[in-house]
Every structure is written in C-alpha cells, then in structure tokens.
Amino acid sequence: MTDDRLRRWLEFAEQPLAPDAAFAAALREELRQELGFVPASTLLSITRRIGGARVRGRRGPTQLLLAATLLVAGAVGLTAVAGSLLERSIEPQPDLLAEIRQTGRIRIAIRPDHPQFTAPGQPAAGFDADVARALADHLGVRGDIVVADASAMLSGHDDLWDIALPSEAVWELDPSRFLVTMPYYRWPHRLAVPEASSATGPADLASEPICAVAGDGGEAWLRGAYGDARTAPVTVEIVTRPSDEACLAALDAGEVVAVVTARLSDADLQVRPGIKVVGGPEPEPRPVIIRRAQGESPEPTPLLAAIDYALDEMRRDGTLTRLSQNRFGGADLTTP
C-alpha cells in the first residue's frame, strides 16, 4: 500500500461511517479466505465504492485488516453516539420533595372547620393546624398554612398546596387522584342516648329512630355501609339533621331515642349533662393526602415517604399524642 492510498484511507476514516451490510458480509468472507479458512476458488470478486475510491478484486492482508479495523471503529462510533443521545433523551422526572427542600417551604392545606376553630380576624387554630406546623418542622422547612374547604381539597384541581389535611376518612379519598399517608389520627363517632335510657348498645335500638348528621360517617354506619364493611343496618328508622346540635335538639324533644355524633369529641360530650355513650363504629382513620403526578408535574412519591417517616417520628417522640391531648380534652386520638 502506497503512502498516498494510506493517507486517503485515514482521511475517509475520520468521516462518520455507516457500514453497508453487504459490503461487511463480503469483507468478512474475503478476510476468512485470506486467513486460510475457505478456498480462494470459492471467493467472488468484490466491487464496492467507498467514498470516491474503488476497491476491486483481491486485497492483501494489510488492506483487509485496515478495512476491518475501520468497519469496527465506525460501528463503535455509532454506538457511542447512540448512547449519548439516549442519555440525553432520558431526563430525570422532577421530584416534589427536592423542590420543597430547595425552596425551603411546604404549603399545607387545612380546612377552616372541624377539627379547627376560627375567631374573627384570627388564623385558623386547632389540631390539624398544629399537626401541619409540626410536620414542616420535622421536614426542616417552613410551613405555609393554606385554608381550604375539604371539598376543594378533594377536587384535586388547584395547585395552591403541596400536601393537605382534609380530615376525611381514608375510604372517602379517591386513590386515582391522591397518595395517602398512614393515618395521623382516628376520629370517633359516638352513639349517645339519654342518661335515663335502658339501652346498653346498638342492638337495643334496632327498631328505634336514631339521628345522624346528613352525609356524615355516622349516617353511613347506621345504614350498614361504614368504610369498607357492609353490615346490617343498626336501625330501621334513620333521622338526619344538618348538625350535631340539631340532632341533640331532636333527642331533647323526644323525636329520636339516640344520636350518632359527627364532630363532637368525647370532651364535648362530657360537658353535656343528661346523655351517655353506648357504642359507635370504629374510629375513622384520617391521613395526609398528596396529589398524584399528572403530566409533567413533579413526582410525589419521595414526599409521601418523607411525610410517613415524619409522622412515625412524631408518634414515637410523643408529638402527636401531646397535640391530640391538648386539643381534644386529654384524649389521645392518634393511636389505633
């Protein structure tokens, strides 16, 4: 091989190479013949145009080895380019927890009512507000409280919050829209009767009128559809009213023989004379919720894990118990 031909081969090697399949196959056959693996008589003359040079007939070993080297080098180069493009095309999905830590704040939605209370001109205060601030502290960021109706939270359409405490039973939450944490508290519904009543449990009231707040979990329990369980109705006569106060008024008037509480705590019942508790359903487990990722929104799963971890820490270090006892008259609603 002359210096001029070698120079032209090297110049060609610097160009992007996409080897022709037929040429590669023929080159392998010719190389096998040169190395003595097939008889020369079985090898046909090869004519291929590479760049502007024509290579015809048999080649010497040096030529064949050089061509094979260029073929391999081209393939390796194409593989490297493809790998680089693949790396560029796979972008990591944004992480909501990482964004929160980068900004140093987390937006936490709470409802303006139960288990909060409000005073004119004052921010909402109560158990969920306390838990929200404690969560932010455990995450090491500032907690920005966003007050929103439970219905607005559960619609999942706004982006005004990162996590929300709707104080709704876990079975009321849409799993296609929300990720849910472990319950941070469990809300009780109490079956209460007049103190003079002979009833000692729900079975004694099966044919009697019982009042429940319309749409509340207590009403669902009376109908036998509480949570995931399906049971026989507690009573055949269910009376609904818009609030606990309206149900208690019906009890005082003798219109019903019992009430199922919706938002009254044990501490509230203790200061009401003339009634006693004779049962009720299992307490409602209430979790924190996070919107599921939609489109290009940040991935919420790491944040879910961080919230669960923070809640577990708050349970172990007594924070949840202390907050519950402070807001619910000494009762700890945070343990199963």
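Modeller: Contact means heavy atoms within 4.5 Å of each other. Helices (DSSP runs of H or I, at least four residues) and strands (runs of E, at least two) are numbered from the N terminus. This is a predicted model, where local features need pLDDT of at least 70 and side-chain atom pairs count only at pLDDT 80 or more, while totals for chains, interfaces and linings use all residues. Residues are numbered from 1 along each chain as its sequence is written, and side-chain values use heavy atoms, with hydrogens and water left out.

Colleague: How many helices and strands does the protein chain have?

Modeller: Among contacts between residues at least 6 apart in sequence, 74% join residues at least 24 apart. The secondary structure of this chain comes to eleven helices and 16 strands.

Colleague: What percentage of the residues in the protein chain is buried?

Modeller: Buried means under 20% relative accessible area, exposed means over 50%, and partly exposed lies in between (1.4 Å probe, protein chains only). Of the 336 residues in the protein chain, the buried share is 39%.

Colleague: What is the angle between the planes of F127 and F328?

Modeller: Rings of Phe, Tyr and Trp (its six-membered ring) pair if their centres lie within 6.5 Å; planes under 30 degrees apart count as stacked, over 60 as edge-to-face and the rest as tilted. The structure holds seven such pairs. F127 and F328 form a tilted one, 5.1 Å centre to centre, and the angle between their planes is 50°.

Colleague: Where in the chain do F127 and F328 lie?

Modeller: Both residues are buried. They are 201 residues apart, F127 in helix 5 (residues 127-139) and F328 in the segment after helix 11 (319-327).

Colleague: How many residues apart in sequence are the parts tied together by Y185 and F328?

Modeller: Y185 and F328 form a stacked pair, 6.4 Å centre to centre with 15° between the planes. Y185 lies in strand 9 (residues 185-187) and F328 in the segment after helix 11, so the pair ties together parts whose separation in sequence is 143 residues.

Colleague: Which exposed residues are on the face of helix 11 turned away from its buried side?

Modeller: T319, L320, L323 and S324 are buried in helix 11. They cover an arc of only 125° around the axis (the arc of the directions from the helix axis to the C-beta atoms), which puts them on the same side of helix 11. Helix 5 and helix 10 are among the elements that cover these buried residues. The face turned away carries R322 and N326.

Colleague: Which strands do the buried residues of helix 8 pack against?

Modeller: In helix 8 (residues 244-252), D244, C247, L248, A250 and L251 are buried. Their arc around the axis is only 155°, which puts them on the same side of helix 8. They pack against strand 10 (191-194), strand 11 (209-213), strand 12 (237-241), strand 13 (258-260) and strand 14 (275-277).

Colleague: Which two residues does a cis peptide bond join?

Modeller: Most residues other than glycine have a negative phi, and most peptide bonds are trans. P115 lies in the loop between strand 3 and strand 4 (116-117). The cis bond, with omega about 0°, joins H114 and P115.

Colleague: What is the relative accessible area of S167?

Modeller: S167 is found in the loop between strand 7 and strand 8 (178-180). Its phi is near 50°, a positive value in a residue other than glycine. S167 is buried, with a relative accessible area of 1%.
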